Structure formats: C-alpha cells, structure tokens
Amino acid sequence: MIYGYARVSSTDQNLDRQTTALSSAGVQSLITDKMSGKDLNRPGFESLKSSLKDGDTLIVVSMDRLSRSLQDLLGTVTFFGEKGVTIKFLKENIEITPGNVSPISKLLLGIMGAVAEFERNLIRERQREGIELAKKRGVYVGRKPIPKESIDAVTDLIGEGMSVIDACKKVGIGRTTYYHYSKIMSSAS
C-alpha cells in the first residue's frame with residue numbers, strides 16, 4: 001500500500017499543493033494533520049504509525065512536513081525502517097528503503113533535517129523579537145487572562161461527570177489552558 005502524509009501548521013492553511021503532489025506520486029491512502037510540526041504528537045501522524053506495515057511505502061512532499069526536529073525525523077525514519085516501510089521525500093528526491101540506506105541518503109537526511117530544525121528555531125526567535133519590539137511600542141498586551149469563573153465552571157462540569165474536553169468546549173476554553181490555570185490556582189491555595 002502506498003500512503004501519503006501531508007501537514008500544514010494551522011487550520012487556516014491549505015493542503016492542496018501537497019495533496020496534489022502526493023496524488024500524482026501514486027498515493028492510495030492519504031493521512032493529514034493541520035497542526036505544528038514541533039513534535040510528533042499529532043493525530044494523523046499517530047494514525048500513520050499504526051497503519052503502515054511491512055512492505056508499505058510512505059510518501060511525503062518534504063522532510064519538514066514530517067518533522068521540524070532532526071531528532072524526531074531520524075527517529076521516525078528509523079521507526080518506519082524497522083517496520084519494513086520505504087519512505088520517499090519528493091522535494092528532496094530521497095528514498096529510504098529498509099535495510100538499504102545509502103550513505104548519501106543518510107547525509108542528505110541529516111542535512112535537510114538540520115535545516116528544517118534550524119528554520120523552526122529562526123521562526124521562534126523572530127517571533128520573540130517581534131513580541132519584544134511590540135511590547136516596547138506598547139501595542140502588545142499578550143493574551144487576556146482567563147476568568148476564575150470559567151475555570152470554576154469547567155471544574156463544576158467535570159464534577160457532574162462531563163469529560164474535561166467536553167467541559168472545556170462548553171465553557172469555551174482550551175484543555176491545556178484549563179490545566180494550566182487549575183495548576184496555578186491549586187498551588188496558590
């Protein structure tokens with residue numbers, strides 16, 4: 001089976017360019033994510049890991065779509081290689097076949113993975129610098145704090161038997177935000 005994996009960093013970005021390239025490459029089953037590549041904790045990627053088996057091929061448009069971290073990229077390639085999966089990166093024109101990784105493929109994988117990680121770090125640095133400049137100009141105020149009442153409302157709904165995810169959706173705050181504020185409130189008590 002030939003699988004394709006496509007990822008964009010946010011929900012408002014478009015997967016069309018990647019899906020068109022993957023379709024042209026003969027992909028039979030497409031798995032996507034619309035979230036950051038900062039780590040591997042992505043629903044589509046998890047599905048990919050459990051779906052691929054010995055003899056399958058994974059095609060990705062570019063290495064940075066699979067991971068923005070060199071360590072994660074190398075770990076992913078090793079994981080799929082041990083499962084007997086061939087990986088093809090279209091943009092870099094690299095194919096990694098289980099048990100037969102050429103020295104040039106290893107070199108290119110390392111270089112391109114390092115470039116993707118470097119690019120991600122540059123983006124984060126520029127973002128921090130931009131926020132600092134905006135703060136100095138007085139135009140950046142940061143995120144608005146979540147009212148204690150919202151955290152209490154989620155806690156009450158959970159106490160009534162609702163799941164954390166559903167309670168957070170109902171109140172209109174993110175699950176991570178709820179946990180963050182809950183931790184702060186419990187340590188302040």
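Helices are DSSP runs of at least four residues, numbered from the N terminus. I start from there, and I keep in mind that this model is predicted.

**Entry 1: Leu-22**

I looked up Leu-22 and found it in helix H1, which covers residues 16–24. Is Leu-22 buried or exposed? Its relative accessible area is 1%, and buried means under 20%, so Leu-22 counts as buried.

Next I listed what Leu-22 touches, leaving out residues up to four places away in sequence. Gly-4, Tyr-5 and Ala-6 are among them. I also noted Val-27, Leu-30 and Leu-90. Ile-59, Val-60 and Val-61 complete the list.

I then checked Leu-22 against Gly-4. They are 18 residues apart in sequence, and their C-alpha atoms are 6.1 Å apart in space.

**Entry 2: Leu-74**

I moved on to Leu-74, which has its place in helix H4. The relative accessible area of Leu-74 is 37%. That value falls between 20% and 50%, so I wrote down "partly exposed".

Leu-74 and Gly-4 are 70 residues apart in sequence. From C-alpha to C-alpha I read 18 Å.

How do I describe a packed pair? Two packed helices are described by the angle between their axes and the distance between the axes.

Helix H2 spans residues 43–51, and helix H4 spans residues 70–82. I found an angle of about 30° and axes 10 Å apart. Angles under 35 degrees count as roughly parallel, so H2 is roughly parallel to H4.

Which residues make the contact? On the H2 side I noted Phe-45, Leu-48 and Lys-49. On the H4 side I noted Thr-76, Phe-79 and Phe-80. By class, this contact has 4 nonpolar, 1 polar and 1 charged residues.

I took Lys-91 to begin with. Its relative accessible area is 65%, which is over 50%, so Lys-91 is exposed. Leaving aside neighbours within four places in sequence, Lys-91 is in contact with Val-61 and Ser-62. Lys-91 and Val-61 are 30 residues apart along the chain, and 5.8 Å separates their C-alpha atoms.

Then I turned to Asn-93. It is exposed too, with a relative accessible area of 70%. I checked the backbone as well. Most residues other than glycine have a negative phi. Asn-93 is not a glycine, yet its phi is positive, at about 55°.

**Entry 3: the largest pocket**

Last, I looked for empty space. Rolling a probe the size of a water molecule over the atoms shows where such space is left.

The largest pocket has a volume of about 570 Å³. I found that 17 residues line it. Which of them are the closest to its centre? They are Lys-38, Arg-143, Gly-174, Thr-176 and Thr-177.

Which helix gives the most to the lining? Helix H8, residues 175–188, does, with 5 residues. I also sorted the lining by class: 6 nonpolar, 6 polar and 5 charged.

How values were computed. Residues are numbered from 1 along each chain as its sequence is written. This is a predicted model: local features need pLDDT of at least 70, side-chain atom pairs count only at pLDDT 80 or more; totals for chains, interfaces and linings use all residues. Side-chain values use heavy atoms; hydrogens and water are left out. Axes are lines fitted to C-alpha atoms, for helices over the stretch in contact, and angles run from 0 to 180 degrees between N-to-C directions. Helices (H or I, at least four residues) and strands (E, at least two) are DSSP runs, numbered from the N terminus. Angles under 35 degrees count as roughly parallel, over 145 as roughly antiparallel, 65 to 115 as roughly perpendicular and the rest as oblique. Contact means heavy atoms within 4.5 Å. Ala, Val, Leu, Ile, Met, Phe, Trp, Tyr, Cys and Pro count as nonpolar, Asp, Glu, Lys and Arg as charged, and the others, Gly among them, as polar. On a 1 Å grid over the protein atoms alone, a cavity is a set of points where a 1.4 Å probe fits but cannot get out, and a pocket is an open set with protein on both sides within 12 Å along at least five of seven lines; lining residues have an atom within 4 Å of a point. Grid points are joined across faces, edges and corners, and a volume is the space filled by probe spheres set on the points. Buried means under 20% relative accessible area, exposed over 50%, partly exposed in between (1.4 Å probe, protein chains only).
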